[in-house]
Amino acid sequence: MAVIALAGCSDEGAKRPVRIGSKNFTEQVILGEIIAQHVKHRLNLPVERRLNLGGTLLAHQALRSGEIDLYPEYTGTALAVVLKESVPSASAGVLALVRSAYLQNFQIEWLDPTGIDNGFAMVVQGPDARARKLETLSDAARIEGWKLGVGYEFEQRADGLPALNKTYGFRWTGRPRSMDLGLLYKALEQGQVTMIAANATDGLLSKLDLKVLRDDRRSFPPYEVAIAVRQESLRQTPGLREALVELSGKFTNSKMQALNYQVDGLHRPVAEVAAEFLRSAGL
């Protein structure tokens, strides 16, 4: 009976669910669902979805405390919001810096990036950009009178509006209008603002006549997406590292734009969109 009891405990331990988290916006939820379906398929283990956790610090705390085993994160966000570090002069070193700090301070590993770099994207109307021959943020900064629309985080974060203003010296008309991220494109379309701080993988960028202005002076760090996972979870779950690494390099910004549009624009179920992506990626 003791042997049977021990065997039962061992089997129960082997079936410990993998707890997968995400932050509270569309891209994160899609990525979290893709990871959850992939892990379940590859390892035949139960998964617990703890998606829509909240902002960066809430998701990070859930990871540190063991409430979740992993979630997708952005290098620039980890650098500025969690580590509170300034952007290094060589942007290529951001991933290495974040990896080292997370491992040393939190016992959290960053796996190889997925292929997404979802940085801030300063966006204007396409006809406006063509008329003024705008290609870069330096071009736009020479023009006065921009009315800026931003999400709530962009205005406050050191790597957001403060970095943009310090680098380019924009002379805005009035204060930036803060709003929910989902309202930015509508505000631009209706002329309430003339420039918005969007994200590089927003689905609407591939559907509307818009111009993303190139950050030619690199005011923003890279925001490569990678899976951040607890070392303890990797030790406890055989095969987890190998399964997660299979997602590295499987995305591009254009693919992520398409996935975001499927959910935000066409209102398709996240689980369905995630399953289609995994099939198309051969996973």
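Gly 191 lies in the loop that runs between helix H10 (184–189) and strand E8 (195–199); helices (H or I, at least four residues) and strands (E, at least two) are DSSP runs, numbered from the N terminus. The model is a predicted one, in which local features need pLDDT of at least 70 and side-chain atom pairs count only at pLDDT 80 or more, while totals for chains, interfaces and linings use all residues. Residues are numbered from 1 along each chain as its sequence is written, and side-chain values use heavy atoms, with hydrogens and water left out. Gly 191 is partly exposed, at a relative accessible area of 36%; buried means under 20% relative accessible area, exposed over 50%, and partly exposed in between (1.4 Å probe, protein chains only). A distance of 47 Å separates the C-alpha atom of Gly 191 from that of Gln 107, the two residues being 84 apart along the chain.

Helix H13 (residues 253–264) contains 12 residues and spans 16 Å from its first C-alpha to its last, close to the 16 Å expected at 1.5 Å a residue; the expected span is 1.5 Å times one less than the number of residues. Its buried residues are Met 256, Gln 257, Leu 259, Asn 260 and Val 263. Viewed down the axis of H13, these buried residues fall within an arc of 165°, so they line one face of the helix. The arc is that of the directions from the helix axis to the C-beta atoms. An α-helix has 3.6 residues a turn, so residues three or four places apart point the same way. The buried residues of H13 pack against helix H2 (26–43) and helix H14 (270–280), contact being heavy atoms within 4.5 Å.

In helix H3 (residues 56–65), the buried residues are Thr 56, Ala 59, His 60, Ala 62 and Leu 63. They cover an arc of only 160° around the axis, which puts them on the same side of H3. Their packing partners are strand E3 (70–74), helix H4 (75–82), helix H5 (94–106), strand E4 (108–110) and E10. Gly 66 follows H3 and has a positive phi, near 90°.

Grid points are joined across faces, edges and corners, and a volume is the space filled by probe spheres set on the points. The largest pocket holds about 990 Å³. It is lined by 35 residues, and those closest to its centre are Phe 25, Leu 181, Gly 182, Asn 199 and Asp 202. H2, helix H8 (152–156), H10, E8 and H13 each supply at least two lining residues. The lining comprises 14 nonpolar, 14 polar and 7 charged residues, where Ala, Val, Leu, Ile, Met, Phe, Trp, Tyr, Cys and Pro count as nonpolar, Asp, Glu, Lys and Arg as charged, and the others, Gly among them, as polar.

The search of the whole structure found 1 cavity of 30 Å³ or more. The largest cavity has a volume of about 40 Å³, and its lining has 7 nonpolar, 1 polar and no charged residues.

Definitions and conventions: On a 1 Å grid over the protein atoms alone, a cavity is a set of points where a 1.4 Å probe fits but cannot get out, and a pocket is an open set with protein on both sides within 12 Å along at least five of seven lines; lining residues have an atom within 4 Å of a point.
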